[in-house]
Amino acid sequence: MNATQQTGNEQATLWNGRAGCAWVEAQELLDQVFKPFEDLLVEAVSAGPGGRVLDVGCGTGTATLAVARLLGAKGLCIGIDISDPMIAAARSRAEREGTPANFICADAQRHTFEPASFDMIISRFGVMFFDDSVRALENLRRAATDDAEFRFIAWRGAAENPFMTTAERAAAPLLPNLPARRPDAPGQFAFADPRRVHTILEESGWAKIDIRPIDVVCTLPEKDLVRYLTRLGPVGLVLQEADDRTRAQVLETVRAAFDPYVHGAEVRFTAACWMVSAGA
Ligand SMILES: C[S@@+](CC[C@H](N)C(=O)[O-])C[C@H]1O[C@@H](n2cnc3c(N)ncnc32)[C@H](O)[C@@H]1O
């Protein structure tokens with residue numbers, strides 16, 4: 001049984017379908033864009049207790065593999081993700097590189113982890129998609145040792161991340177069926193409200209909670225911008241199924257809307273995020 005069959009939820013369907021495949025296809029590009037966040041997590045692990053590390057919502061395994069390389073034989077990094085195609089990509093990267101990381105394809109909210117088996121739990125943008133965040137983070141708390149650290153990065157709000165919503169604002173008149181963002185619903189901006197994040201962590205048994213804003217400059221080559229726009233985010237997902245005429249019209253409009261972010265051969269934007277840490 002795969003993760004979609006286990007949970008039957010909307011996010012499982014999305015990440016096992018169009019969104020998951022788009023992330024696999026764009027893996028190298030996304031790794032480049034979000035590299036600063038990988039570095040922040042690797043830094044946190046190197047300052048942390050080491051040992052066994054769990055990467056939640058690990059996707060194609062970028063942070064898992066980076067941490068596994070850091071730990072070497074002194075530890076183990078395990079990635080968990082609900083998406084079959086993303087876990088398959090992560091496993092083949094690990095094999096190709098010869099990096100000893102393990103991957104579990106399952107819903108982190110419901111998976112039965114060995115109790116108290118992780119010294120650190122990390123996530124790069126992988127904890128905002130649970131249908132019941134308290135239950136999910138309680139499950140992770142049970143998987144953590146009593147000295148463990150939980151460290152994750154999540155997006156602040158859409159208003160502070162205009163780059164992330166430029167495409168949908170520009171495309172809205174042309175794509176009337178574009179799904180609206182629902183604040184607090186599972187998705188990219190579900191952890192935008194720090195009070196809500198604090199409450200979720202507290203209710204799920206985490207302590208020593210620290211939520212800090214980080215503003216991180218991210219870049220991608222201008223030549224890859226169209227590829228990014230046509231595959232990722234709500235507009236990218238809709239465009240995957242649009243007819244050629246709509247696609248061409250949307251693309252022209254949306255690409256122009258990104259001009260303020262283009263600086264010669266580079267696209268640059270600031271990602272407004274939370275760096276969250278908690279103790280067991
Ligand atoms: C925005 S992607 C981030 C992927 C990866 N951490 C990275 O930074 O490249 C979010 C990831 O969370 C995963 N995810 C969503 N819901 C999940 C769940 N309930 N359990 C495990 N993974 C989940 C998705 O499949 C997806 O790979």
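A: The answer below concerns helix H7 and its surroundings.

The model is predicted, so local features need pLDDT of at least 70 and side-chain atom pairs count only at pLDDT 80 or more, while totals for chains, interfaces and linings use all residues. Residues are numbered from 1 along each chain as its sequence is written, and side-chain values use heavy atoms, with hydrogens and water left out.

Helix H7 covers residues 84-97. Helices (H or I, at least four residues) and strands (E, at least two) are DSSP runs, numbered from the N terminus.

One partner of H7 is helix H6, residues 62-71. The axes of the two helices come within 10 Å and cross at roughly 30°. H6 therefore lies roughly parallel to H7. Axes here are lines fitted to C-alpha atoms, for helices over the stretch in contact, with angles from 0 to 180 degrees between N-to-C directions. Angles under 35 degrees count as roughly parallel, over 145 as roughly antiparallel, 65 to 115 as roughly perpendicular, and the rest as oblique. The crossing of H6 past H7 is right-handed, meaning that the near helix is turned clockwise from the far one by less than a right angle.

Where they meet, H6 contributes Thr62, Leu65 and Arg69, and H7 contributes Arg93, Ala94 and Glu97. Contact means heavy atoms within 4.5 Å. By class, this contact has two nonpolar, one polar and three charged residues. Ala, Val, Leu, Ile, Met, Phe, Trp, Tyr, Cys and Pro count as nonpolar, Asp, Glu, Lys and Arg as charged, and the others, Gly among them, as polar.

Arginine 91 is also placed in H7. With a relative accessible area of 41%, arginine 91 is partly exposed; buried means under 20%, exposed over 50%, and partly exposed in between (1.4 Å probe, protein chains only). Leaving aside residues up to four places away in sequence, arginine 91 touches Phe103, Ile104 and Cys105. Alanine 47 is 44 residues from arginine 91 in sequence and 26 Å from it in space, C-alpha to C-alpha.

H7 also takes part in the packing of helix H3 (residues 18-25), whose buried residues are Ala19, Gly20 and Ala22. Seen down the axis of H3, these buried residues fall within an arc of 165°, so they line one face of the helix. The arc is that of the directions from the helix axis to the C-beta atoms. Besides H7, the buried residues of H3 pack against helix H2 (10-16), helix H11 (225-231) and helix H12 (233-239).
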